[in-house]
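Q: Can we go through the side-chain contacts in this one? I'd like to start with the charged pairs and then move on to the rings.

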Amino acid sequence: MKILIAASEMTPFAKTGGLADVTGSLPKALKDLGHDVRVVIPNYKQITAGKYLTDLPVPMDGHLETAIIRHTSIKGKYEQIPVYLADNHKYFHRDRMYGFSDEFDRFNFFTKTCLAMLPYLGFQPDVIHCNDWHTALIPLFLKNKFGEEPFYKSIASVFTVHNLQYQGRFPKRVLSSLGLDDSFFTPEELEYYGEVNFMKAGLLYGDLINTVSRKYAAEIQTAELGEGLDGLLRKRALDLHGILNGLDYQEFNPAQDDKIYEKYDVNSLANKRENKYQLQKELGLSMGDVPLVGIITRLVSQKGLDLMAAIIDEIMGLGIQLVLLGTGEDYYEKLFADVKMRYPQQTSVNLGFDAVLAQKIYAGSDIFLMPSRFEPCGLGQLISLRYGTIPVVRRTGGLADTINNYDFETGYGNGFDFLDYSPEELLGALRRAVQLYRNNPDAWSKLIHVAMNMDFSWNRSAVKYLELYEKAINKRKSTLMRAV
Ligand code: ADP
């Protein structure tokens, strides 16, 4: 199968969150299964490795822009997976990846480039796998603009929602810069409460659509988590799938991880303890067997951190150490800076993005906290399990699909969870985890073994993606046959 994955970020080139991990690792698993898989992302300023391949004109709002296509690859075993970088100085050479007033133009340009470059590269994919709002226009353009050319006609599309909250909503006037007329500005098309909604293009025009866990696929069809798009998602319920993200088990492997202090596996857990001591030392915490709770997250309301604010005294009263690594909204940065002021001995608050410290925290913590309000899949809990760090999570989305609450009677489970979005429930789950850690070291050690022996690698999920691609390709074929 010939597959093009289009996304706004990809590990190791550009990352702000889990999407990058997915686009960095799914292609490897597809390659292992014998397929011709390629990836395209924007050439952000921080990406310097690309080699010039070609340039081509891209039609924008009444004029042509030049897209320079560069080419790079992941180092090592997967060098043969082509990674195309769509470059244009004006749009992408900026100090950060997102958050500009011309986002619609940047990603309009990017999506058009993804399609326009294909004949130049001599690559006609069977399917284009699009991800989140940044690439949601591809399925629409495939059918409406580029679709008039024979080259594009038979290309199928799959659209994956990694987070329904980020939809790419812009004023009506952007329609003309997309080259679309007013007939697209209706509630059945891209209109959304007076704005143009890019995400809707993917949800409407993707041959098949999916999201990153079964539970989230169900949740987004409800008013509570549907972000105003639940009606549309219910209409497409038969085409909507849920495939759990896998984790790159090569990349995230405590036995081979050069970023952590001491490598370890399930048979050398003393080295995990050494990681904890070294982490405590590096972060200025007292060294010892205090339960160490780690949090690594974007600091946004989705992640449920406001629950902690209400009970921070009770949490610290459990006698734990808390290590946070995160970046995001001011409100949360201030909140945790304040926690640090009040509990200087017990906490380490690291405001920033740091891939090395992240691995040290996954390896050195005993408990990993994810009290998310909603969570499409979540990778933090999967990385934690891999590193023998026990997740405490809210039972929502992908967290519900991957973490089973520990049963003190039977010993069944791989973490601790709570359901109600309330500070008391969060405190209760954390208290249970701390209790087991303190009172029953043998049971805790067994729990670590269970966690580390779980398999959330891509093996299963990559096969599911292939099935989805195949289904989309067949659907596209039969639509074309009907049209003849
Ligand atoms: P989301 O995609 O909503 O941000 P996920 O749990 O799916 O959440 O993925 C988050 C990914 O980003 C994980 O790999 C996590 O370790 C990483 N991450 C988040 N914040 C930081 C940070 N401040 N520094 C380093 N890595 C981070």
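Q: How far apart are R234 and D230 in helix α9?
A: R234 and D230 are four residues apart in helix α9 (residues 230–235), so about one helical turn separates them. Their side chains meet in a salt bridge, 3.0 Å from N to O. A salt bridge here is a side-chain nitrogen of Lys or Arg within 4 Å of a carboxyl oxygen of Asp or Glu. Helices are DSSP runs of H or I with at least four residues, strands are E runs of at least two, and both are numbered from the N terminus.

Q: What kind of model is this?
A: It's a predicted model, where local features need pLDDT of at least 70 and side-chain atom pairs count only at pLDDT 80 or more, while totals for chains, interfaces and linings use all residues. Residues are numbered from 1 along each chain as its sequence is written, and side-chain values use heavy atoms, with hydrogens and water left out.

Q: Back to that pair: is D230 buried or exposed?
A: D230 is buried, at 11% relative accessible area. R234 is partly exposed at 46%. The cut-offs are under 20% for buried and over 50% for exposed, with partly exposed in between (1.4 Å probe, protein chains only).

Q: How many salt bridges are there by this rule?
A: The count is 23. One of them is between E251 and K28, with the closest N and O atoms 3.8 Å apart. E251 sits in the loop between β12 (240–242) and α10 (269–283) and K28 in helix α1 (residues 18–32), so this pair ties together parts 223 residues apart in sequence.

Q: And how accessible is E251?
A: E251 has 42% relative accessibility, which makes it partly exposed. K28 is buried at 12%.

Q: Which residue forms a salt bridge with R395?
A: That's D417, with the closest N and O atoms 2.9 Å apart. R395 is in the loop between β17 (390–394) and α16 (397–402), and D417 is in strand β18 (residues 416–418), so the pair links parts 22 residues apart in sequence. R395 is partly exposed at 37%, whereas D417 is buried at 5%.

Q: Which residues do salt bridges with shared partners join into one network?
A: K28, D248 and E251.

Q: OK, rings now. How many aromatic pairs does the search find?
A: Over the whole structure, 26. Take F151 and Y152: their ring centres are 5.0 Å apart and the planes are at 75°, so the pair is edge-to-face. Rings of Phe, Tyr and Trp (its six-membered ring) pair if their centres lie within 6.5 Å; planes under 30 degrees apart are stacked, over 60 edge-to-face, and the rest tilted. F151 is partly exposed at 23%, and Y152 is buried at 2%.

Q: What about F416 and W444?
A: That pair is stacked, 6.4 Å centre to centre with 15° between the planes. F416 lies in strand β18 and W444 in helix α18 (residues 441–452), so the pair ties together parts 28 residues apart in sequence. F416 is buried at 0%, and W444 is buried at 5%.

Q: Which residues form one aromatic cluster?
A: Y98, F104, F107, F110, W133, F170 and F198.

Q: Last one: what sits over the ring of F100?
A: The charged end of R94 does, 4.7 Å from the ring centre. R96 also lies over the face of F100, at 4.3 Å from the ring centre. To count, NZ of Lys or CZ of Arg must be within 6 Å of the ring centre and within 35 degrees of the ring normal.
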